[in-house]
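Please open the model in a viewer and keep the sequence panel at hand.

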Amino acid sequence: MSRIDWEVVIGLEVHAQLNTASKIFSGAGTAFGAEPNRQASAVDIALPGVLPVLNRGAVERAIRFGLAIGAHVAPTSVFARKNYFYPDLPKGYQISQFELPVVQGGEITIRVGEGDKAYEKTVRLTRAHLEEDAGKSLHEDFHGMTGIDLNRAGTPLLEIVSEPDMRSSAEAVAYARTLHALVRWIDICDGNMQEGSFRCDANVSVRQKGATEFGTRREIKNLNSFRFLQQAIDFEVQWQIATIEDGGKIQQATVLFDPDSGETRMMRTKEDAHDYRYFPDPDLLPLVISDDWKARVQAAMPELPGAMKARFMDEWGLSAYDATTLTASKEVADYYQSTVSAAGAALAKPCANWVMGDLAARLNKAELDVSASPVSPAQLAGVVARIADNTISNAIGKKVFEALWNGEGATADEIIEQQGLKQVTDSGAIEAIIDEVLAANPKSVEEFRAGKEKAFNALVGQAMKASKGKANPAQVNELLRKKLTA
Amino acid sequence: MPPASTAAHTMINASLVELRRALDARQISSVELATLFLNRIAALDPQLNAFITVDRDGALAAARVADARIAAGEGGPLTGIPLAHKDLFCTEGVLTTCASRMLSNFVSPYDAHVVSLLKEAGAVSLGKTNMDEFAMGSSNESSFYGPTKNPWDITRVPGGSSGGSAAAVAARLAPIATGSDTGGSVRQPAAFCGITGIKPTYGLVSRYGMVAFASSLDQGGAFGASAEDCALLLGAMTGFDARDSTSLERPAEDYAAALAAPAAGKPLEGLRIGLPREFFAEGMADGVRAAVEAALAQYRALGASTVEVSLPNAKLAIPAYYVIAPAECSSNLSRFDGVRYGHRAAEYTDLADMYGRSRAEGFGEEVKRRILIGTYVLSHGYYDAYYLQAQRLRRLIAEDFKAALTQCDVIAGPTTPGTAWTLGAMADDPVQMYLSDIYTIAVNLAGLPGISHPCGFDAAGLPVGLQLVGDYFAEGRLLATTHHFQQATDWHQRRPECAR
């Protein structure tokens, strides 16, 4: 049997919780973690006679998203009822959008992989629609009964559906990460995956390379971390290939990922699928979005990551990799831009190196977000500037950075001053140090003269050590060589 | 001291204008007036069954507040006036059952918009009236609390679904009452009970707190003996409500003021009344035809002209309605699942069983029938053939009215093909009952306002109603037209035996 070359096909459905203060169809609050059923109004618990009223803030966020991905923002869209019975669905239907969603089409460019193998790809979006979340059923702590918490019922969601454009779990994760960064960037969703503010469903199928038809897909539900997304897809792909190669057929189904076993497991097949009996909700008028409203949302739109990345490359000469990394999140981009504006555009590149290098590493070690960095952009800019103007060496720069991190001073200059870290550039002083070092290390001098270049480095090291790191390394090099070859 | 019996009789049959005058002149207090009607309810309702809940304590408390407002000179047109609410308007602290076992234990924690508007106006709610279960029916026979009887003949139905409100006003258990009209549920019982009832333009009265049957058709309405009483009540019920997305944002109208124009010899001079050919063609009972023809002659005598118009698609109104209304109701009634409030079966094995038993026990036969029809027509593969097709018919029907109303100012015809039928007569034939709403249903599909006023009696002595339909927001014109008719006739002053 010849080995078959398989192609993986993935589409994602993401539920992004919109960060409005109140619910999509009622005035109840949306904050996470309230006592059960304390953020549920008469509308949310579906008392007899209550009616929904659309939250304009939710619509505005949908418009912002649509504009950010270059989609068609529908001038008229329609809310529909999706009918099914479940105890945490108080009305017996979910208000969603079905035939006419508010956002249609659009695309997102992702960067996949690292280094030389990295490539860019554009993922097309099918649609994004507004809908309300359901409540929660709590199956523990109620002695054989089920508790219902309706705090989440009516929370606004934007369901973002991609085309089946992704061909690997890496692409799926890159897409999910880019989308996650975007919704936070344009401030429509807090992106908190632990709290369920950003949940992914992955539709996965496989087919022979070159085939034109898609294989039968299975949908993996409710993946709430990028790691699980990757693991679930990888497992699912292997399982589907193994099943087909063993002569089996894939049945359309909805599956769940078990993070403990790392496996996906069948939840229901297409045969058990509900007939949701969608129809336009007669309690809500069609959603009309005027050109004027769109224009106002567009005017308030922040610079988007794609545009910012291009600007970093064009104006500041950053590499594609650096520009992508620095625009991966709004917080990093903000930090970086503030640093550059304090240090000057000429230092954009060393600023980038510091933000992506020492700062990122230090934050990572301390498990801190960039927005909580103890070293401010202005402070970091001070370090970069002092290195650039030769006041300190790069090595001393790291020392100053650490001192700033520990709050030993308010500015790089203050720390350099107080701790006497200013670089020694006085040739006389450096020569004096070199003379001492040469006198104390006759063996190394001899070795160098015998042609061992390595001995030279040892002497440089001794000289730097003797200057407590403050001597200008380039000058040390130059003067030492001059003396040894004189 | 309660008023003497002749004075009491006068108060019972008085118009709202007369009651207002008596209250303001301190001839009677609001407490006395409420007591008078409460006592009539106590005496007559065991036979009529027009009320599901009588709120004696609440009524007297509200009447005391009204008396204080009147004494302070702070009253409005309805301050101290008793009324009754159809039992699908949510009332804080008072049972709201929709005449269903499902909600037989439901006490609303909030007031419907209409209820709070009338409370603010100082009206005194006597209680909640009987109705067809969840407003589904044309006879009040689908009530979990038993049928209301027609005050003109207690072997007959009062019509429905707002039959309790209509019977209460006809029997003078309340001077005025609220109702709701999805396919004729105000106009048909008004006709059967010999009173006046108006269903305004869709969106004029907020649906917030009015338990939904079919959201795109439901509209609150008003019952009174006369157009004048209806104008005062409707005026207090309308107004924009941000909690209802279909509520229309337009300035409130003073319907009562519009009636005040002096009655000239020919007050309806210039009014063009359209008579739809299709409504007069066939199916109308002889007694109804005779009364309606006589009323039209009266309208001509008042100066109006009549012109034949056509509503070619009106015959499709019933099939379209019996797709759209059940579709919406099947979804609207899903919230009654026994989980959070309402009836829950005493015993069940699992979640599906709990739903099944609770709903099987909680809903009556007609409600179940409509939920099943609605579920069917919305199902995958049937949606286009039924629901979308019905919506297309709905547009055609609305266009028919639009075209007809270019040729006339109001459209007139019988409210119903016949008069009140005997209790149980249609029990085995729901379709026959559906057909009795043939003249009213099209008006809901178009969202237009309609009024029914008494225009005579048939050979059995049962009231006949005439329906006027106007263009959107023509409530003032419908009320004024009816008012002029009522100035010249006394059909609206006829009372059943129990109120004479």
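Leaving aside its neighbours within four places in sequence, with which residues is Arg495(B) in contact? Arg495(B) is in contact with Asn13(B), Arg172(B) and Arg500(B), two residues being in contact if their C-beta atoms, placed from the backbone, lie within 7 Å.

Before the next selection, some conventions are needed. This is a predicted model, in which local features need pLDDT of at least 70 and side-chain atom pairs count only at pLDDT 80 or more, while totals for chains, interfaces and linings use all residues. Residues are numbered from 1 along each chain as its sequence is written, and chains are lettered from A and ligands numbered from 1 in the order in which they are written.

Remain at Arg495(B), which lies in the segment after helix 18 (475-488) of chain B. Helices (H or I, at least four residues) and strands (E, at least two) are DSSP runs, numbered from the N terminus. Arg495(B) has 18 other C-beta atoms within 10 Å and is therefore partly exposed. A residue is buried if 20 or more other C-beta atoms lie within 10 Å of its own, exposed if 12 or fewer, and partly exposed in between, with C-beta atoms placed from the backbone.

Next, select Cys230(B), in helix 8 (residues 227-237) of chain B. Cys230(B) counts as buried because 33 C-beta neighbours lie inside 10 Å. Not counting residues up to four places away in sequence, Cys230(B) touches Thr196(B), Ile198(B), Ala222(B), Gly224(B) and Leu479(B). Of these, Leu479(B) is 249 residues away along the chain, with 7.9 Å between the C-alpha atoms of the pair.

**Backbone geometry**

Most residues other than glycine have a negative phi, and most peptide bonds are trans.

- Arg26(B) has a phi near 60°, a positive value in a residue other than glycine. Arg26(B) is found in the loop between helix 2 (16-24) and helix 3 (30-48) of chain B, and counts as exposed, with 10 C-beta neighbours inside 10 Å.
- Ala46(A) also has a positive phi, near 60°. Ala46(A) lies in the loop between strand 1 (6-17) and helix 1 (56-68) of chain A, and is buried, with 25 other C-beta atoms within 10 Å.
- The peptide bond from Gly160(B) to Ser161(B) is cis, with omega near 5°. Ser161(B) lies in the loop between strand 3 (124-129) and helix 6 (163-170) of chain B.

**Helix packing in chain A**

Display helix 9 (residues 377-388) and helix 10 (residues 394-405) of chain A, which pack at an angle of about 160° with their axes 10 Å apart. Axes are lines fitted to C-alpha atoms, for helices over the stretch in contact, and angles run from 0 to 180 degrees between N-to-C directions. Helix 9 of chain A and helix 10 of chain A are therefore roughly antiparallel; angles under 35 degrees count as roughly parallel, over 145 as roughly antiparallel, 65 to 115 as roughly perpendicular and the rest as oblique. Helix 9 of chain A contributes Gln379(A), Val383(A) and Ile387(A) to the contact, and helix 10 of chain A contributes Asn394(A), Gly397(A), Val400(A), Phe401(A) and Leu404(A).

Now bring in helix 7 (residues 330-343) of chain A, which packs with helix 9 of chain A at an angle of about 50°, the axes being 8 Å apart. Helix 7 of chain A is thus oblique to helix 9 of chain A. Among the residues making this contact are Tyr335(A) and Ser338(A) of helix 7 of chain A and Leu380(A) and Val384(A) of helix 9 of chain A.

**Nonpolar cores**

Which residues have the most contacts inside the largest nonpolar core? They are Ala202(A) and Leu126(B), in a core of 234 residues. A nonpolar core is a set of buried Ala, Val, Leu, Ile, Met, Phe, Trp, Tyr and Cys residues joined through C-beta atoms within 7 Å. Apart from it lies another core, of 35 residues, among them Ile387(A), Phe401(A), Leu404(A) and Ile416(A).

**Between the chains**

Finally, display both chains: the contact takes 33 residues from chain B and 25 residues from chain A. On the side of chain B that touches chain A, the largest share, 3 residues, comes from helix 12 of chain B.
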